[in-house]
Amino acid sequence: FLSHVSLFCNLSMPAGGGKMKNMQEPPAPIAADTASSQLQTKLAVQNICIGANNLLDLIRTLRLSALLMDEDTVAAEEAYQALEAKVITEKAQEEAAKIEAELFKLRNQV
């Protein structure tokens with residue numbers, strides 16, 4: 001990262017509280033912001049690594065679950081999920097029909 005930053009820095013350009021005399025020692029305000037940004041970046045990278053590790057653990061668990069389930073269990077689970085989806089769809093259709101009936105009733109009143 002610093003090698004990329006050094007391409008864009010001009011040593012004679014004023015920054016923060018004064019001129020940069022050395023690329024490795026920026027003026028105090030910039031140094032504080034840089035240290036804070038560096039810490040935040042490290043924490044973000046650690047959070048990404050932890051999230052990726054948790055995701056990999058989840059994938060491993062799902063693969064193991066899929067391997068341990070036999071064909072009948074998988075078929076039964078799929079049938080159950082299809083039944084749940086059908087029930088939810090039917091309820092949504094009933095509610096939509098009720099709302100549509102109320103809407104027509106309100107339109108006829110006006």
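Helices and strands are here runs assigned by DSSP, a helix having at least four residues and a strand at least two, and they are numbered from the N terminus. The exercises below apply this to a predicted model.

**Exercise 1.** Find how many helices and strands the protein chain has, and in which pattern they follow one another.

*Solution.* Counting the runs first, the protein chain has three helices and two strands. Reading along the sequence next, the elements come in the pattern α-β-β-α-α.

**Exercise 2.** Work out how confident the predictor is in the protein chain, and what the pLDDT is over residues 1-16.

*Solution.* For the protein chain the mean pLDDT is 77, with 71% of the residues reaching 70 or more. Over residues 1-16, however, the pLDDT is below 50, and this stretch has 14 contacts in the model beyond near neighbours in sequence. Where pLDDT is low, the predicted coordinates should not be read in detail.

**Exercise 3.** Locate the salt bridge that a search of the whole structure finds, and describe its two partners.

*Solution.* The search of the whole structure finds one salt bridge, and it joins R60 to D57, whose closest N and O atoms are 2.7 Å apart. Both residues lie in helix α2, where they are three residues apart, about one turn of the helix. As for accessibility, D57 counts as partly exposed because its relative accessibility is 36%, which falls between the cut-offs of 20% and 50%.

**Exercise 4.** Decide whether L62 is buried or exposed, and name the surface patch to which L62 belongs.

*Solution.* L62 lies in helix α2, which covers residues 28-68. Its relative accessibility is 53%, so L62 counts as exposed, the cut-off being over 50%. Together with L55, L56, L58 and I59, L62 forms a nonpolar patch on the surface, with about 450 Å² of accessible area together.

Technical notes: Residues numbered from 1 in each chain as written. Predicted model: local features only at pLDDT ≥ 70, side-chain atom pairs only at ≥ 80, totals over all residues. Heavy atoms only, no water. Patch = residues over 30% accessible without salt bridge, like charges linked within 9 Å, V, L, I, M, F, W, Y side chains within 5 Å. Areas by Shrake-Rupley, 256 points an atom, 1.4 Å probe, with all protein chains shown as cover. Salt bridge = Lys/Arg side-chain N within 4 Å of Asp/Glu carboxyl O. Buried < 20%, exposed > 50% of the residue type's maximum accessible area, 1.4 Å probe, protein only. pLDDT = per-residue confidence, 0-100. Contact = heavy atoms within 4.5 Å.
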